[in-house]
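Trainee: Could we look at this one together and talk through how its parts are arranged?
Mentor: Gladly, let's take it step by step.

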Amino acid sequence: MNLLAPDTLGWWFYPVTFILNVLDSFLPPLPQELFVLAIGPLTQTHQIALWPAMFIAWIANVLGDAWLAWVVARHRHRLERWRWGRWLLRKAGAGLAALGQRGAFGVLAGLRFVSGGRTASFVAAGLAGTSQRTIWAATSVGSAAWVGFMVILGQLTHNATGLPAWGSAILGMIIGTLIGAVPALIAWWRRRHGKGNTDDQTGASRRAKRGE
């Protein structure tokens with residue numbers, strides 16, 4: 001059986017897309033972007049249907065985010081027993097910092113565009129006790145924007161390169177990863193720069209107290 005044939009692709013593409021996009025909240029290395037990026041090119045060749053594929057990717061992202069925040073909020077003590085759980089909780093550092101500086105809705109909706117931001121933000125939401133209403137609203141809006149962006153990126157990459165659907169999806173995933181890394185690099189530079197300022201100010205204050 002040719003799994004890439006138009007008459008067989010749909011039956012496995014949709015459930016695999018759903019599963020990967022749910023689990024990516026807990027396991028960011030999963031290549032769920034590959035399937036969302038491929039939606040545009042595969043639709044153009046009539047192998048899958050556009051709106052059902054986009055809806056499945058969207059609802060999977062929503063459910064994955066809400067599930068992650070719920071698990072962290074209700075079962076943090078169990079997560080701490082496992083190496084993977086402790087790693088997951090450590091991902092919350094950047095998310096908690098962002099939640100403390102900006103509105104929860106904007107952080108939860110927008111941080112998914114940064115590499116690793118989806119997991120960090122919703123782990124942070126669970127730890128911070130963010131309301132379920134805010135979590136569901138933010139992930140609904142953020143997931144819709146992310147899926148739309150990835151589908152457009154995949155289609156543009158396919159049109160520009162003429163590569164097969166999966167080839168353009170892989171290239172689009174690389175491009176998307178690079179785009180997502182830019183805000184993370186900027187945030188890292190600002191934290192490093194701010195830390196330097198804080199150290200300078202602290203040192204100056206200590207010298208002033210000693211009368212230097």
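Mentor: Keep in mind that this is a predicted model. Phe 55 and Trp 58 sit three residues apart in helix H4 (residues 50-79), which means that about one helical turn separates them.

Trainee: What kind of aromatic pair do Phe 55 and Trp 58 form?
Mentor: The structure holds seven aromatic pairs, and Phe 55 with Trp 58 is one of them. Their rings are 5.7 Å centre to centre, with 45° between the planes. Planes under 30 degrees apart would count as stacked and over 60 as edge-to-face, so this pair is tilted.

Trainee: Is Trp 58 buried, partly exposed or exposed?
Mentor: Buried would need under 20% relative accessible area, and exposed over 50%. Trp 58 has 24%, so Trp 58 is partly exposed.

Trainee: How do the axes of H4 and helix H9 lie to each other, parallel, perpendicular or oblique?
Mentor: Good one! The axes of H4 and H9 (residues 132-161) come within 9 Å and cross at roughly 140°. Over 145 degrees would count as roughly antiparallel, and 65 to 115 as roughly perpendicular. The contact includes Trp 58 of H4 and Trp 136 of H9. The angle therefore makes H4 oblique to H9.

Trainee: Which exposed residues does the face of H5 turned away from its buried side carry?
Mentor: Start with the buried residues of helix H5 (residues 83-90), which are Gly 85, Leu 88 and Leu 89. They cover an arc of only 95° around the axis, so they lie on the same side of H5. The face turned away from that buried side carries the exposed residues Arg 83 and Arg 90.

Methods. Residues numbered from 1 in each chain as written. Predicted model: local features only at pLDDT ≥ 70, side-chain atom pairs only at ≥ 80, totals over all residues. Heavy atoms only, no water. Phe/Tyr/Trp six-rings, centres within 6.5 Å; stacked < 30°, edge-to-face > 60°. Helix = DSSP H or I, 4+ residues; strand = E, 2+ residues; numbered from the N terminus. Buried < 20%, exposed > 50% of the residue type's maximum accessible area, 1.4 Å probe, protein only. Arc of directions from axis to C-beta. Axes fitted to C-alpha atoms, helices over the stretch in contact; angles between N-to-C directions. Parallel < 35°, antiparallel > 145°, perpendicular 65-115°, else oblique. Contact = heavy atoms within 4.5 Å.
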